[in-house]
Amino acid sequence: MNLFLLQLKESVLIALSSIRANKMRSLLTTLGIVIGIVSVTSMNMMMSGIDNAFKSSLTMIGNDVLYIQKFPWFMNRDDWWSFRNRPELQESYLPIIREQSQNALYVVPRAGAGGDVKFSENSVNGVFVNGVVDDELRVSGSDLSDGRFFTELENSAGRSVIVLGSEVAKSLFDESDPIGKKVVLNGHPYSVIGVLSKQGKFLGLFSRDNQVMIPFGTFKKYFGIRRGITIAVKIKDEKKIEEAKGELTLIMRKLRRLSATQEENFAINQQEAFKQQLDGISAGIYGVGIFITSLSLIVGMIGVMNIMFVSVKERTREIGIRKALGATRKILLIQFLIEAMTISLIGGLIGLSISAGLKFVIDHYFVAEMPLGVIMISIVVSLVVGLIAGILPANTAAKQDPIEALRYE
Amino acid sequence: MKENLIHIENMTKVYIMGTQEVHALRGVSLDISENEYVAVMGPSGSGKSTLMNMFGCLDTPTSGVYQFKGHDVSIMTDNELARIRNKEIGFVFQSFNLLPRSNALHNVELPLIYAGVSAHDRRERAMDALTNVGLGDRVHHKPNELSGGQRQRVAIARALVTKPSIILADEPTGALDSKTGEEIMLLFEDLYKAGNTIIVVTHEEDIAKHARRVIRLKDGHIETDESRVGHLQASHA
């Protein structure tokens, strides 16, 4: 074992000195590996970034919330044409669902529309206006960074109060305190009573930072709910979500007076649908990424293999000397394998440092993360690539006939 | 009684060159004992290089017996041959065969690395060997910073450092001018007197005259095998 370590150390030193002797050549050789590792890591960085961003967005949807809606979240164009004739969901369903569902904890309505918000000179156009009830925060994952949410009374009385998303608040009020100020939404004045916590962005998707909330009663008054509402049902036990879904389907079928043979004319959506969609996207990106990555790693591997064959040929005499002095096949095999692995590892490390730089650039425009696992994988991958690339050349070296090798000019 | 190091009996070696069989050795028998100084001579094609490869355990015979210290070399595996080369034989080549990128010290350490000697002992023994050949002040020079004679001294130090049973020199002065060559031969003389066994393969009479025993080969046979008159330590003829 000690002897093995001794020779391992020696092999690494030999490898480094031979790489140093051919700096330019070795550097060019590693290029393929560098590109391979950069694509491995950047793909991983983006995927874990997307994953995490999606996860934090999904918490807002909530994994214990079911959404009864007119349309399913994912459908094709033909479906849309047939679904658009479905009846809208009515506010009158709410008390019935509350009463009949065993699994529901909260049953709340949601309605939405576009609008423009103004405060003195500042304005934000095209914000999404949510009409929600006082239980809303208990259903969604959002909470407040400032002020309060509206009360049951403000809701039923249709008071003109408003809770702003963090971006909206920042655009209108910058650093000053918005609580108690009057803003104008689509021509009507509202008092600001609260600001939502910053949620962060994932391409702006699902983010409430750019939205505002007003009481459902107020929404009905100024916007109307002819275009239908969404009913969000938070269930008691997350594990019973499938059971709850079945129960809600039955209640809805009864409400809509559907016979056993008729198709449902409503949809019950859940976070799962997004997850499946995300998994599909991830699989696609991974598939393409793995293909590109393996391609560049194979090119890199051939590069290393090629340079190792050149190196073995150039050093035929050295191999002869070493054999005459007592180096066994195994020792020479290990020596050249380690040389190939060292070249490959250097390429991997260069690739990693480029990726670390790229991470900041990507993160600025998109989302990227560089977990420790990616670094470990890159190192292991470059070592394995070097090992595979080294096998044939190292074997050629180890098998040299010492007499021939010593005679080689 | 001196120990018998090499016992060769009726050794033959046949190479296949394309479709042709080349008989490099056609039945050679000889013995070499401890602390002999042997010159192997012969024109090119006489089989002296082949015989040297046999001595050095770089090659195995086609038929016949080759025993090294009583062990049958012809049935040894590659690893066993490598071990014998490492521990028992010190090679000195015509073209020095030093590793060009390594300094003198590291070149001399090399066989000790393969013998598994620890870094500290290695350094000490390599320093001693280099001091013995008069290069104690050149240990950190690379081969291209040394003269031909100095390079051959490094090679001799490398051959000595494992304390081998035999020093096997193949035309050791072939790449040196005559004055430097003479100095190297004086060094061999000293090593011989210190108790080493030396085999020199050469085609130069001037070099062979240093040896105590001269074996002349011709066409794969031993033509003559004679001990020099006046040398007390000569072996059997």
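1. Are A:Lys234 and A:Asp64 buried or exposed? Both A:Lys234 and A:Asp64 are buried. Buried means under 20% relative accessible area, exposed means over 50%, and partly exposed lies in between (1.4 Å probe, protein chains only).

2. A note on the basis. This is a predicted model, where local features need pLDDT of at least 70, side-chain atom pairs count only at pLDDT 80 or more, and totals for chains, interfaces and linings use all residues. Residues are numbered from 1 along each chain as its sequence is written, chains are lettered from A and ligands numbered from 1 in the order in which they are written, and side-chain values use heavy atoms, with hydrogens and water left out.

3. A:Lys234 and A:Asp64 form a salt bridge, with their closest N and O atoms 3.3 Å apart. A salt bridge is a side-chain nitrogen of Lys or Arg within 4 Å of a carboxyl oxygen of Asp or Glu. A:Lys234 lies in strand S9 (residues 230-235) of chain A and A:Asp64 in the loop between helix H2 (23-61) and strand S1 (65-69) of chain A, so the pair ties together parts that are 170 residues apart in sequence. Helices (H or I, at least four residues) and strands (E, at least two) are DSSP runs, numbered from the N terminus.

4. Now a second pair. A:Lys198 and A:Glu167 form a salt bridge at 2.8 Å, N to O. A:Lys198 counts as exposed, at 58% relative accessibility. A:Glu167 is partly exposed, at 30% relative accessible area.

5. A:Arg315 and A:Glu318 also form a salt bridge, with the closest N and O atoms 3.1 Å apart. Both A:Arg315 and A:Glu318 are buried. A network of salt bridges links A:Arg315, A:Glu318, A:Arg322 and A:Glu339. Over all chains, the structure holds 26 salt bridges.

6. Next, helix packing in chain A. Helix H10 (residues 271-314) and helix H13 (residues 372-399) of chain A pack at about 35°, with axes 9 Å apart. Axes are lines fitted to C-alpha atoms, for helices over the stretch in contact, and angles run from 0 to 180 degrees between N-to-C directions. The residues of the contact of H10(A) with H13(A) divide into 14 nonpolar, 1 polar and no charged. Ala, Val, Leu, Ile, Met, Phe, Trp, Tyr, Cys and Pro count as nonpolar, Asp, Glu, Lys and Arg as charged, and the others, Gly among them, as polar.

7. Finally, B:His71. B:His71 sits in strand S5 (residues 71-72) of chain B.
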